[in-house]
Amino acid sequence: MSVTFHKQDSLFRLTTKNTLYAFELTHGTLVHRYYGKKRGATVPTSADIKGRVVSFSPYRDENDKAFSLDTQPLEYSYYGSGDFRPTALRIRNRHGDSVTCFEYVSHKIRRGAVDRAPLPSGRADEKTQTLDITLRDLVSDCELHLYYTVFYDCDIITRSAAVTNRSGADVVVEKLMSLCLDLAGEDYDVITLGGRHCRERTVYQRTPLFRGNLAITSRRGATSHQMNPFMAVCARGADENRGDVYGFNLVWSGSFLNECECEQTGSARIQAGLGSESFTYRLRDGETVHAPEAIMTYSPTGLGTMSRHFHDFVNRHIVPEKAKERRPVVLNSWEAFYFNINEDIMVDFAAAAADCGMDMVIMDDGWFGARVHDRAGLGDWFVNRDRFRDGLRPFVERVKATGVKFGIWVEPEMVNPDSDLYRAHPDWVVSCRERTRSLSRSQMVLDMSNPAVIDYLKASFTETFRDVPIDYFKWDMNRHISEPGSPNLAPEDQGSLSYRYMLGVYSLFDWFTKQFPHAMIENCSGGGGRYDLAMMYYTSQIWTSDNTGARDRVLIQYSSQLAYPASVMSCHVSNPKGDLHELDLKYKVAVGGILGYEFNVLNTDEAIKEEIRRQVAQYRTFDHLIQNGTHYRLASPYETELSAYYYQLGDEILLSAIHTNGSAVIGKKKTVTKLTVRTADKHASYRDLLGGGTYTGEQLRAGIEIGAFDLDETGYGAKLWHFCKL
Ligand code: GLA
């Protein structure tokens, strides 16, 4: 049993393969006791922890002044009842105040995960167990469920909360967090990944926690390029292979708030969830609102182990079944032609993809409505007959006759004002009455909280893609939400627009996967603007960034893998401009993830094409390591001149080292001269299938010399080794 409740000491214990999480039920309250190593753990109980009265911290029982909600490490916390730290839940009741104090009622331990559809969450396997605790606030008459789901083999525990209104009148949920964790001590650093469009997750920040609130957030209606919801809280000295690390993330794609606050008792409160700035929810009598699922993991051996827990969890419990198939090497039309596509160009392009040994051609933007530039056509999902004279199906049949599969671009959530859809339904966009509707990339956001919009999209896509053999969709989303309001919602429900928007998006994703079961979906939001676990739930991979330059990609890909596996990281080689060194660099950077190409191979000289054929064939000899292998980082481009890592699967190891110009290094630069494959089998010998050398497992474990790189004038070059056991 991975979840137990011991009556004698009122202790809940959640165990994973290597970790233990424990909390106690005392004074009707759930008090956190332990999160760390399972082996040799001693969990303190309230009998061990001598409470002390802290001045100015309110208590509820005159006979036990030491039990204050302000000083106890809590499993969840409520606004206004004496806990002055950031609280996880705030509900405005019918009397107008927002105070609650929930007390334990009962709990259940059951197999499987929590169904919060259409909100996605980790998929259960036969070992998955959930602890469901019911609490009640007698005054507001609301019920609270706290859920803990244990994914034993991945060392992941997920958290979330749901509120049900039993009061007979409306209440307003003003803040709803998924996770609250009070960690003992305050000597922690927080690692977060900021960025912007074309520089996603490259602002690698490691900040010491301090007295006060450290928050990362998105208010954009999307998880965003600007701040990823991943967060690690680690011991000050923790590094790649040493030290305590707690990792957190959300299965959610909208606005969020993650916060850490150290306070007077010398502990750190960690929270993750919806926050309050972009979320309020009028909850009707009998209605339930769910926070998204948050995930957490603990590693006693640094950031590397934390990442591997996350990678394992994503590969086993997040991505759809489709993602387990071998991924295609695609040739995408966007950086080749932008909007200038038509049937003949695309058929020639497909033939070129086949000629280079690729598996699929992707027709990106420009195939529908009046979409000949980015100022028109979004929303009109009907093939442009000027460009595809006989319609989609005969064209796709011509593509397939060249020997490749076919993928197509869509951006369902958006509309251009210059479109038939907007002219017919100006009230179908996210907007606030007569207030100006801001544009971004000349487009507006469809109101995905409105069922009529979802129905329209389903009908359009059914009609347009009926009997068209599509193997892949690229689902894009190219702006953030401003003027967050819905003409379709009552005034009291406007605060929930961003939340309801996401539910609408998830329900459409769900429909897509059922309507087109043979197609894989690649997610994109101007590159990696929704690089999050909820998108990964529906889509096999994500377009990591619109920036395909190898030098920036080194950073983007390195930090993306802190929280997400290579199997979701879509990486294309873009135009090398006739330069074979550049082509080699772009390729070796791209095979950090799932390889594709994105440039006009039609007007490329034969030497480049020949090299691409060689690359694709080579990639096919080790792509299983990237998609399914275990990832080990060896050198960080934020600390050294290298980005180096390896993937291991069974008897094979793919080792990669990319030499950079060191401009991303934060602080004092470290030097790495050897690459240590510490998980190589010391009793075996390996042959490098790319370079030809033979190494003993001992040699790989001791570290191999990197040797000289073939550097270009910018200081970049890359090397690959593919070791196979003899
Ligand atoms: C976004 C995507 C690109 C491309 C264009 C098409 O910018 O990130 O890859 O699909 O849209 O308009």
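Q: What makes a run of residues a strand?
A: A strand is a DSSP run of at least two residues, numbered from the N terminus. The model shown here is predicted, and in it glutamine 129 lies in strand E7, residues 129–137.

Q: Why is glutamine 129 called buried?
A: Buried means under 20% relative accessible area. Glutamine 129 has a relative accessible area of 10%, so it is called buried.

Q: Which residues does glutamine 129 touch, leaving aside those up to four places away in sequence?
A: Contact means heavy atoms within 4.5 Å. Residues that glutamine 129 touches include Met1, Ser2, Val3, Ile109, Tyr148 and Val150.

Q: What makes the approach of glutamine 129 to serine 2 a polar contact?
A: The cut-off for a pair of N or O atoms is 3.5 Å. The side chain of glutamine 129 reaches the backbone nitrogen of serine 2 at 3.2 Å, so the distance is within the cut-off.

Q: Why are E10 and strand E17 said to pair?
A: Two strands pair if DSSP finds at least two bridges between them. E10 and E17 (residues 267–273) are joined by 7 bridges, so they pair, and they run antiparallel. Leucine 183 has alanine 268 in E17 as its bridge partner.

Q: What other strands pair with E10, and over how many bridges?
A: Strand E5 (residues 89–92) pairs with E10 in the antiparallel sense over 4 bridges. Here arginine 90 stands opposite lysine 175 in E10. Strand E18 (residues 281–283) also pairs with E10 in the antiparallel sense, over 3 bridges. In that pairing valine 171 stands opposite leucine 283 in E18.

Q: How many residues surround the ligand, and of which classes?
A: The ligand is surrounded by 13 residues, with Asp364 and Arg441 among the closest. The shell has 4 nonpolar, 3 polar and 6 charged residues.

Key: Residues numbered from 1 in each chain as written. Predicted model: local features only at pLDDT ≥ 70, side-chain atom pairs only at ≥ 80, totals over all residues. Heavy atoms only, no water. Near = heavy atom within 4 Å. Nonpolar A, V, L, I, M, F, W, Y, C, P; charged D, E, K, R; others polar. Buried < 20%, exposed > 50% of the residue type's maximum accessible area, 1.4 Å probe, protein only. Polar contact = N/O pair within 3.5 Å; in protein donor to acceptor, adjacent residues only side chain to side chain.
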